[in-house]
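This report describes the fold of one protein chain and the surroundings of its ligand. Please keep the sequence and the structure in view while reading.

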Amino acid sequence: MPESGGAMTRLLITRGLPAAGKTTFARTLQPTVTRVNRDDLRRMLHGARLYTPDAEAQVTRAQRACVETLLRSHTDVIVDDTNLPDAAVRAWARLAGRLRAGFEVRDFTGVGVEECLRRDAHRPEADRVGERGIRRMHDLYLAGRSLPLPVPPIGPAEGGLA
Ligand SMILES: Nc1ncnc2c1ncn2[C@@H]1O[C@H](COP(=O)(O)OP(=O)(O)OP(=O)(O)O)[C@@H](O)[C@H]1O
Ligand SMILES: [Mg+2]
């Protein structure tokens, strides 16, 4: 999606464990790059992080609508979620492709699980994810994998939500 000046509108996504530093990085790009994050939407939409299937589906719809609208208006966006499943990366890549926006992954999977646990423990309680959740995500998506996680191939025939 070229702007009138010729620069391509960009969708950036972060990838990494909770407390890896994704939001801290994304904030350095604001306000030039707008930031849209599931956790903030959870609190905004529901007043709390409910994590029920219905609430999560609402967060997904609201986030995608927001990102799509911003990209259509030539605004750069960073989605500073964990984005660890390949399907999440593919879905964002396909949205960017459909809107002719550039797509970049900023990988934080090199920040190890023990460091994430340390950083999480020092966060304000309202932002803390907790050891169990961080270790579960590490075991599910990162343990035994080569890091940084390879960006999955994005083919036109791939699935995803875009
Ligand atoms: N490079 C860094 N070195 C040391 N501490 C950091 C660094 N980046 C972030 N932190 C600290 O780690 C904590 C977690 O950072 P941040 O909120 O950016 O993580 P996150 O990846 O967005 O986590 P979540 O997925 O839970 O949103 C914060 O207290 C932050 O100040
Ligand atoms: Mg964050």
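## Helices on the sheet

Helix H3, which spans residues 53-72, lies across S1, S2 and S3, and its direction makes about 155° with that of S3. Helix H4, residues 86-98, also packs on the sheet, where it touches S1, S3 and S4. The direction of H4 is at about 175° to that of S1. These angles, like every other value in this report, come from a predicted model.

## The sheet

In what order do the strands of the open sheet stand? The order is S2-S3-S1-S4, with four strands and parallel pairing. Strand S2 (34-35) and strand S4 (102-107) are at the edges, and each has a single partner strand, so one side of each has no neighbour in the sheet.

Strand S1, residues 10-15, is joined to strand S3, residues 77-79, by three bridges, and the two run parallel. One residue pair can be looked up here: Leu-11 has Val-77 in S3 as its bridge partner. S1 also pairs with S4, again in the parallel sense, over six bridges. On that side, Ile-13 has Val-105 in S4 as its bridge partner. Five of the six residues of S1 are buried, so the strand is largely enclosed by the rest of the structure.

## The chain as a whole

The protein has six helices and four strands. Followed along the sequence, these elements give the pattern β-α-β-α-α-β-α-β-α-α. A box of roughly 45 × 35 × 30 Å, taken along the principal axes, is filled by the C-alpha atoms.

How much of the protein do buried residues make up? They account for 23% of the 162 residues. Among contacts with a separation of 6 or more, 77% are between residues 24 or more positions apart.

Ala-55 lies in helix H3. Apart from its neighbours within four places in sequence, Ala-55 is in contact with His-46 and Leu-50. Between Ala-55 and Val-105 there are 50 residues in sequence and 26 Å in space, taken from C-alpha to C-alpha. Val-105 is the residue in S4 that has Ile-13 as its bridge partner.

Ala-87 is part of helix H4. With 14 C-beta neighbours inside 10 Å, Ala-87 counts as partly exposed. Ala-87 and Thr-9 are 78 residues apart along the chain, and their C-alpha atoms are separated by 22 Å.

## Backbone details in the loops

For Ala-19, phi is about 75°. This residue is in the loop between S1 and H1. Ala-19 has 24 C-beta neighbours inside 10 Å, and the cut-off for a buried residue is 20 or more, so Ala-19 counts as buried. For Asn-83, which is not a glycine either, the positive phi is about 50°. Asn-83 is in the loop between S3 and H4. Asn-83 counts as buried because 24 C-beta neighbours lie inside 10 Å.

Where are the cis peptide bonds described here? One runs from Gln-30 to Pro-31, with omega near 5°. Pro-31 is in the loop between H1 and S2. Another joins Leu-147 and Pro-148, and its omega is about -5°. Pro-148 is placed in the segment after helix H6, which covers 131-142.

How values were computed. Residues are numbered from 1 along each chain as its sequence is written. Chains are lettered from A and ligands numbered from 1 in the order in which they are written. This is a predicted model: local features need pLDDT of at least 70, side-chain atom pairs count only at pLDDT 80 or more; totals for chains, interfaces and linings use all residues. Two strands pair if DSSP finds at least two bridges between them. Two residues are in contact if their C-beta atoms, placed from the backbone, lie within 7 Å. Axes are lines fitted to C-alpha atoms, for helices over the stretch in contact, and angles run from 0 to 180 degrees between N-to-C directions. A residue is buried if 20 or more other C-beta atoms lie within 10 Å of its own, exposed if 12 or fewer, and partly exposed in between; C-beta atoms are placed from the backbone.
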